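I opened this model to look up a few contacts. My entries follow the structure.

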Amino acid sequence: MRLAVTGLGSFVGARVIEALLEADPEQPIVGLDLELPASLEDRIAFRPVDLTGPAADARIAEILREQRSDTVLHTAFFGTPHRDVEYAHELEVVGSLHLLNAIGATGIEKLVVMSSAEVYGPHPDNPNFLTEQHALRGHPDAHSVRDRVEVERLVRLFAARHPRARAVTLRPAAVVGPSIRNRFTRHFDAKRVTTLLGYDPLMQFLHEDDLIDAVLLALDRDLGGPFNLSGSGVLPLSTLLRLAGKRNWPCPHPLLYTLRYLDSVGRSADPPQAFYDYLRFLWVVDGSRAVRELGFSPLYTSKEAWMSFVVSRKLEAYV
Amino acid sequence: MKGGAPANATPERNEFEELRNSISALREELETRFDLGSRVPRNAASPPPSGAAARDRVSELEGLGLDPIELFERARRWMPQRWGAARSAEVDEFGLDPVHLERVRPLLDFLFERWWRVQVAGAENLESADGERLLFVSNRSGILPYDGLMIAHAVERHHPGRRPRFLVADWLATLPFLQPGLARIGGIRACTENAERLLLRGEAVVAFPEGRKGALKLYRDRYRLQRFGRGGFVSLAVRSRAKVIPVAVVGAEEAHPMLLRLDLATRLLGVPFPVTPTFPHLGPLGLVPLPARWRIRFGEPVHFDRVESQRADDPLYVSRAREQIRGKIQSLLDAEVYARGSVWR
């Protein structure tokens, strides 16, 4: 496998490269990003590329040919929603478009794109388990989720135009663990966690190590299409907080959405419901396709992933 | 290593002794301060204890035959340590919490045995192998899903360990406060994906094809089945090769007889606003259901295991089977309503 990776600074990009280099230090990897993180210097080939640039597609195609890459891992997405909606859209959607065009031009047959189970969206009429066939309804107010849905659409179009190509999109449930930082870990890091009064949805988690395993499997297997990823089991939000020994702050959602509105537009560009609806309605996925076809076997159940996150944060507080 | 155990034992025993001494000292202190130790009536010779007002109140309670410490202890045991502590750390994949279910079981038993005095008929139709897929199809009545709960309870009494999950209409399954409670005792949002997943897992499922129309019908339309949706339950039974058991529930219509619906309030609140003989003018008291006598009758099962699975997508077949089952339930209902003498006895 000759791999090209976008998003060297992203959690998945950095960890997957580490795992591959650990297995085989001579593994040919080319990094496509604005700059090379210091930890990867002299370990992988690096070509500076601005995915949002006007001629980015031609430049990427040139690099992929030069490196004789046969597999692309696309992880250039923000883990936590970026404040600058315009820039986030440019990078995530237009950047993906450029990358897909370049891949189409060079005839690469394997592509793995990081998406998220958030693309299904929290909706009161979701079934208890969402399968890969379910419509991607996203959340109308969450710009990061809107962009991911758009990227998924682009990947589907790409797959339809290039039937020989294997395009995998991975849709992990909320990812938690000792080192990952995203909007869920940030929310649950608070001493007193804000919850919505009268709502207690079932939640589902994936451990960060399992996520990396799944990406490695997806790179390896000759398969295409979307895959949900999740640890087994679900737990109500109230039980999670009790397991973590955290107090919650139940707030009626109309009040919270009004009060937090001004506060949140300044900080994250999205109204509060873009996040809190994910703590209000179900968006649990059925991860059985990945288990069946990819051979993915998560080491952590949802509960164990959550406990790993909680315990690591408690330890950090002492160190 | 061998010498470790006896050497450790002495300080442990010392600690234990210390603890016991301090507890007995504390008890003596409490008894002298509040004069609680003397269960026998105090005699005039005893020295007057401090805290006269508190003592008076205590002796008042004692005069009534109530022991304040005992009362406090009972209240403390009854209250959970913290809200939510009476729940298990594991739920099944649809959110049923076995610990919570055991906790509310006395209440469900009370409703079943004492309040509605439910009589079960046709229990011989419940005979089924373990893991056989059962789909109970019933008439729906009243806004709150008492009927699903009671059917689940009735089945479980005949088949311990086999508690069907009941489906709850969308608008009810997404209401704040109600939804988490329902999910914990086995309610699930009604949709084909959920029901199919449950049946394939070998669970029994209670479905109400009338849905919202059944729940919102007025008292004058009682026991008249509404339209049976689009027959999703027939396709479901055919696809998952489940056995359909028609169920008639009589008495649930009188638990909360809906005299009229306030359409304006419904539009404003987004949830149906019923007017019953007790609600809303009695306030929260109006939420107490009336104690009508219930009868739950299980009809003869309808088998779909020899039907080819393509029939699930054949609209004519589905509507015929749907109407056939609807007719069965209606005739069970008519027979039961005709046979009962009084609503209350």
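**Entry 1: a glutamate in chain B**

I began with a polar contact of 2.9 Å between the side chains of B:Glu156 and B:Arg163. A polar contact is a pair of N or O atoms within 3.5 Å; within protein, one must be able to donate a hydrogen and the other to accept it, and residues adjacent in sequence count only if both atoms are side-chain atoms.

For the record, this is a predicted model: local features need pLDDT of at least 70, side-chain atom pairs count only at pLDDT 80 or more, and totals for chains, interfaces and linings use all residues. Residues are numbered from 1 along each chain as its sequence is written, chains are lettered from A and ligands numbered from 1 in the order in which they are written, and side-chain values use heavy atoms, with hydrogens and water left out.

I placed B:Glu156 in helix H5 (residues 146–158) of chain B. Helices (H or I, at least four residues) and strands (E, at least two) are DSSP runs, numbered from the N terminus. Is B:Glu156 buried or exposed? B:Glu156 is buried, because its relative accessible area is 15% and buried means under 20% (exposed is over 50%, partly exposed in between; 1.4 Å probe, protein chains only). Beyond four places in sequence, I found B:Glu156 in contact (heavy atoms within 4.5 Å) with B:Arg105, B:Gly161, B:Arg162 and B:Arg163.

**Entry 2: chain A against chain B**

I turned to the interface. The contact takes 22 residues from chain A and 24 residues from chain B. I counted 3 salt bridges between the chains, a salt bridge being a side-chain nitrogen of Lys or Arg within 4 Å of a carboxyl oxygen of Asp or Glu. One that I looked up joins B:Arg184 to A:Asp200, with the closest N and O atoms 2.5 Å apart. On the chain A side, strand E12 (235–236) and helix H7 (237–243) each supply at least two residues. H7(A) gives the most to that side, with 4 residues.

**Entry 3: the cores**

I then checked the nonpolar cores, sets of buried Ala, Val, Leu, Ile, Met, Phe, Trp, Tyr and Cys residues joined through side-chain atoms within 4.5 Å. The largest has 59 residues, and A:Ile60, A:Leu170 and A:Val215 have the most contacts inside it. Helix H6 (residues 208–220) of chain A provides the largest share of this core, 7 residues. I noted that A:Val215 touches A:Val12, A:Val16, A:Leu73, A:Met114 and A:Leu170, leaving out residues up to four places away in sequence. A second, separate core of 40 residues includes B:Leu134, B:Ile151, B:Ala154 and B:Val168.
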